[in-house]
Every structure is written in structure tokens, then in C-alpha cells.
There are 2 protein chains.
Amino acid sequence: MVAYTSEHPPIFVTVDLVILTLREGMFAVLLVERGGEPFRGRWALPGGFVHVDEDLVDAAYRELEEETGVGGDAVHLEQLATYGAPGRDPRSRVVSTAYLAVGADLPEVRGGSDAADARWWPVEEALGLDLAFDHRTILGDGVERARSKLEYTDLALRFVPARFTMPELQGVYEAVWGTALDPRNFARKVTRTEGFVRETGEERRGARGRPARLLEAAGARTLMPPMMRE
Amino acid sequence: MVAYTSEHPPIFVTVDLVILTLREGMFAVLLVERGGEPFRGRWALPGGFVHVDEDLVDAAYRELEEETGVGGDAVHLEQLATYGAPGRDPRSRVVSTAYLAVGADLPEVRGGSDAADARWWPVEEALGLDLAFDHRTILGDGVERARSKLEYTDLALRFVPARFTMPELQGVYEAVWGTALDPRNFARKVTRTEGFVRETGEERRGARGRPARLLEAAGARTLMPPMMRE
DNA sequence: GGAATAGTGTCTCTGAGACATTATCTG
DNA sequence: CAGATAATGTCTCAGAGACACTATTCC
């Protein structure tokens, strides 16, 4: 490694966020409509520049809070990948580190500091949009990461509140994977996977039908054996 | 996203490489001894600055070739993660995207353009070194990525030549995972995993003992069902 | 023929997948 | 009591893990 000289010109660094949640049982992602050039009027992932003295993950938390109003504790955040092709931003060389955020029932949003509009999109619809920059690729990678992490980690629990029911948890898997699962096999699998969920002893009453028992996380971060995607 | 102003100062971007191979059956990583400050005399991952008009992955290929003399085709390269804590480089703000490289029996190396020395280290030893920057973290992440990708992808085949024997393949798993495997169960598993390996019809003779049949890759990139790490 | 290395079969157990009925609540 | 929703058990099949001997070569 050599000393810094003009041979190694600086590069702009941004973070972009793939923020996933379940809204009314639908797998959804937050997109913002661009208010300025380039790509004015096109939908994009929320994101922004990294400050000079700011860690990448802190920049991601800051953008997350700015866009959703939700603080870091309530939301799972993990690095996805870094996208750095020259020309991905027509203005200048910009390298972007993408983060995946997952939260339970994140709030409705409208507008933003520097965006014309912002709203939740059903993930399948969002994947069909012609997004700004290389955000279609990033979104696809984020969705795939979430889908595969449902298999072998407790990521599904980030899509539901601290207390949840077995049918709600099954709904997470069904919405994110886009498949139907058998409730008998699902419940058996969840129950027998050591440390995944635990009974709270309480029930959720008041709705139609038989009351559902409330569960909570039991602490395991990785699932052995994993859940099977079909 | 706003326009570029002095509010968003540029940042230096580098790539670092975790280059893994098997040398005489030992799981090994390439480290370079730093010839300049900071961290002069400490061991580090090979890496360097990204050029202004160079894609990140191209910078990684370039560094790989500079350090090992091996071109891209022979080596598997994938992005690992990006490390961007302020202060990780004492000189200025540097964000580094790390890549994982895996090749079969990569050549001996000595010295380098900008390094005092370079050599292959047994991975376990390297993990015990006090590496420069945050390279201990990066190395740990790279090794864990390789270990887990042996389970569900054909990454093991990148550690061996195009034609290889069943005991050689088993040796990859044993060296990288650091565990002993049962040859009967191993061969059954490999053989029954659709598209993993195929017989070439040839044998390797000339060594002591019964000749080993030569196998080759059969094309599958992901293994279903996965190999099991103990 | 001896040393070295490659190659293989069986049994048991665990977990996945297919499948329909009963239980408990609200209105 | 009707409608809605939650909860659960059995059978079959596939794959993992434990385990020891035979086959083929070189010297």
C-alpha cells in the first residue's frame, strides 16, 4: 500500500437501504420518489451520503431514522453488499454500501426531507419497477438475502412484534417466500427447533375464532435444523 | 439525495483480499508484511486503492494478479463485506471492500511491489496474528464465509484442480472445516448430490496404493441437500 | 507378500412432507 | 348455533451418522 497521492482520487460513499416489513400481511419495501436529477421522478431506495466521521452502519441507522422515524433498536439492520461500478451514478464516482433493514409493521410514511414522495410498495411490484441507479439489483439482492435468512436464522421474528402467534409467524414465511405452508408441519417445525420460540402462557382474545397463544423469541440466532423453503 | 457539496467530503476506497488455498493439504491464506507506515512490519491482507474508473471487482482482480501472478479465470472471487469504521486507517478516512478469493494450489510468493514480504500462512496461525488495521476481523469473516459456503455451494471445487479424486475433495472439507469426516458417508453424500461431481472415467496411477478415480465438476453451483459440517 | 491407499453396504434414527379433524372463541 | 380461527397426530420416505472390510496398486 502506498501513500495517498493524486493517483488515488477520493470517491463519494453513500449508503442505500432495503427496508422490508409486513404491512397488512403483505411483504413490503420502502421506496422514495426522486425529487432531483438524476433520475428525477423515478423511484429509488432511500439512502444518502456518509459523513466524514461516521461509521457506515451509523449512516445507515441515520437514514433509516430519517426515512421511517423508527430508531435502531426496533429494527434489524445488516450490511448487504457494496455496489461500485463506475457510471452507476452519472454525476461522479459513487460507491454505495447497501444495508438490509427489517422491522415489524413499520409506520406509514409520506414525503421526506429530500424526496418528492415516499411509500411502501408490495415487494413483487417494486421488483417490476424501473428503479433509479442500480437499485433494482440492490433490491433483488436484499429480497433474496431476507428470503434465505428466514431459513437458517431467526430473521422472521424481526417481522413481528415481541409477542406474536403461530399463525402470524407462519404468515411471515408465507408472505416473504410467496408460498403456502402446512400449519401442522409448520407448528411442529417451529416448536421443535431448539431456542426459536417459547410460549408466554398468554392468549390473544377478542378476535373472532379460537384465541391464539402468544409466543416470544427464545434467543436462538441460528436455527438448527433450518426451516425449509418448500 | 442532494447535490455533491463540501458537506459530503470524498473518502478513499480500497479493496482488501482474503486469498485462500490449500498448500500441501493445509488451509492457507496469503499475507503481506507491511513495508511502510502505518503498521510497518505487521502482517496484513493484500490490497490497494481502487482507481477512479475501475469497478471494485476489477480492482480486486488486479490486486490478486499483482500479488499472486494468477489471473481471474483460475480463481473464484466474491465480495465479502465493506469495512468503514472511521479511524480504521489512522491516516485518513478509508473504506475498504473486502473480497474472498479461492484457488487451487496457488503459487509460492515472495515480496511484492509495495510490501516487504509476502507468504502463505496456515489459516489458524494467521488468525492468531496481530494483523494491521482491522484485518483480523476481515480474515475471520472471510474464513467463516468459506467454511459456510462449503456446505451449500460447490466452493470446495475451487480448492482443487479441474480433475481431482474423492480423497482430495474430502481433504478440502477436512482442512477448511478442521474436522475429520467418514470416507464412506462422504463419498455417498457427494455422489448422491445431484450435479456436484461426475466421473471422468480416468484414474490417477503411479502413486502408492490403489489408483484413485478422477472426478470433475458436474455443473451445480448450489448443493441440495447441503453438505453437513459435523 | 506387505504396505499403502481407494472404495464400498447396512442399520438405525431423525426429520420432512402429506394429510383431516377437533377445540374454542365471538356474534 | 353458526361462522371463524387455532391447534394437533400419524404414516411414509429420505437422508445422516455410525461402523469394518475388501480391492488394487507399488515395491
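Which residues in α1(B) are buried?

Guide: Happy to, with the caveat that this is a predicted model. In α1(B), the buried set is Leu56(B), Ala59(B), Ala60(B), Arg62(B), Glu63(B), Leu64(B), Glu67(B) and Thr68(B). So what sort of helix carries them? The helix covers residues 56-68 of chain B, 13 residues in total. End to end, from first C-alpha to last, α1(B) reaches 18 Å, close to the 18 Å expected at 1.5 Å a residue. As background for reading that list, an α-helix has 3.6 residues a turn, so residues three or four places apart point the same way. Just past the end of the helix, Gly69(B) takes a positive phi of about 75°.

Now for some context from chain A. Its secondary structure comes to five helices and ten strands, and the C-alpha trace of chain A spans about 65 × 40 × 30 Å along its principal axes. Of the 230 residues in chain A, 50% are buried. For contacts with a separation of 6 or more in chain A, 65% are between residues 24 or more positions apart.

On confidence, chain A averages a pLDDT of 93, with 93% of its residues scoring at least 70. Residues 1-5 of chain A are another story: pLDDT stays under 50 there, though the model has 17 contacts beyond four places in sequence for them. Where pLDDT is low, the predicted coordinates should not be read in detail.

Technical notes:
Residues numbered from 1 in each chain as written. Chains lettered and ligands numbered in written order. Predicted model: local features only at pLDDT ≥ 70, side-chain atom pairs only at ≥ 80, totals over all residues. Heavy atoms only, no water. Helix = DSSP H or I, 4+ residues; strand = E, 2+ residues; numbered from the N terminus. Expected span 1.5 Å × (residues − 1). Buried < 20%, exposed > 50% of the residue type's maximum accessible area, 1.4 Å probe, protein only. Contact = heavy atoms within 4.5 Å. pLDDT = per-residue confidence, 0-100.
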